[in-house]
Amino acid sequence: MDDCIFCKIARHEIPAQVVYEDDDLLAFRDLKPAAPVHVLIIPKKHISMLTHMTEEDGALIGKVMLTAKNLAASLDVADSGFRVVVNQGAQAGQSVFHIHFHLLGGRAMSWPPG
Ligand code: 5GP
Ligand code: ZN
């Protein structure tokens, strides 16, 4: 996707503070962190939102969750607790239409989210 900002980050055309990368995924610090640890995990494949995920993306998105678990440990929030959040669509506050998983930790969080 030529004009997708997260595709550009995945291709390293826009700088980001990358904390993890492999052939399928990239994880980088959120530009406006909402918690002491706020990382976005994306598949390099352009999937615009969760509802556009297909059966064939199952292993890829499963890998995102395993990476979230591993990053939580390496960023030292696994024991204290963390959230993995997908904002899907306008009412949920999705602002970038390349699927991304927020990994948030390092502070107490309330429920339900605002
Ligand atoms: P959403 O609201 O779509 O769930 O989350 C999008 C997130 O992407 C926001 O938390 C926002 O701060 C972050 N973001 C938007 N543009 C950029 C960017 O160019 N670089 C980085 N690192 N984060 C971005
Ligand atoms: Zn994209």
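Modeller: Let's start with Ile 14, which sits in the loop between helix 1 and strand 1. Helices (H or I, at least four residues) and strands (E, at least two) are simply DSSP runs, numbered from the N terminus. Before we go on: this is a predicted model, where local features need pLDDT of at least 70, side-chain atom pairs count only at pLDDT 80 or more, and totals for chains, interfaces and linings use all residues. Residues are numbered from 1 along each chain as its sequence is written, chains are lettered from A and ligands numbered from 1 in the order in which they are written, and side-chain values use heavy atoms, with hydrogens and water left out.

Back to Ile 14: its relative accessibility is 27%, so it counts as partly exposed. The scale goes like this: buried is under 20% relative accessible area, exposed is over 50%, and partly exposed is in between (1.4 Å probe, protein chains only). If you skip residues up to four places away in sequence, Ile 14 touches Ile 5, Lys 8 and Ile 9; contact here means heavy atoms within 4.5 Å. His 52, on the other hand, is 38 residues along the chain from Ile 14, with 25 Å between the two C-alpha atoms.

Now for the metal. Which residues hold the zinc ion (ligand 2)? They are Cys 4 and Cys 7, each through SG, plus His 46 and His 98, each through ND1, at 2.0 to 2.3 Å. Donors are N, O and S atoms within 2.8 Å of the metal (3.2 Å for Na, K and Ca), and since water is not among the atoms, sites may look incomplete. Along the chain, the donors follow the spacing C-x2-C-x38-H-x51-H. Cys 4 comes in the segment before helix 1 (5–10) and His 98 in the loop between strand 4 and strand 5, so this pair ties together parts that are 94 residues apart in sequence.

Is His 98 buried or exposed? Its relative accessibility is 0%, so His 98 counts as buried, and Cys 4 is buried too. The side chain of His 98 also reaches the backbone oxygen of Pro 43 at 2.8 Å. Beyond four places in sequence, the residues it touches include Phe 6, Ile 42 and Ser 48.

Pro 43 takes us to strand 3, where seven of seven residues are buried. Both faces are covered: Val 37, Val 39, Ile 41 and Pro 43 are buried on one side, and His 38, Leu 40 and Ile 42 on the other.

Two strands pair if DSSP finds at least two bridges between them. Five bridges link strand 2 to strand 3, with Phe 28 partnered by Leu 40. Another five join strand 3 to strand 5 (residues 101–105), and there Val 39 has Leu 103 as its partner.

Let's finish with His 102 in strand 5. At 11% relative accessibility, His 102 counts as buried. Its side chain makes a polar contact with the side chain of His 38 (2.8 Å). A polar contact is a pair of N or O atoms within 3.5 Å; within protein, one must be able to donate a hydrogen and the other to accept it, and residues adjacent in sequence count only if both atoms are side-chain atoms. Outside four places in sequence, the contacts of His 102 include Asp 30, Arg 83 and Val 85. Val 85, in strand 4, has 24% relative accessibility and so counts as partly exposed. Val 85 and Leu 104 are 19 residues apart in sequence, yet their C-alpha atoms are 8.0 Å apart.
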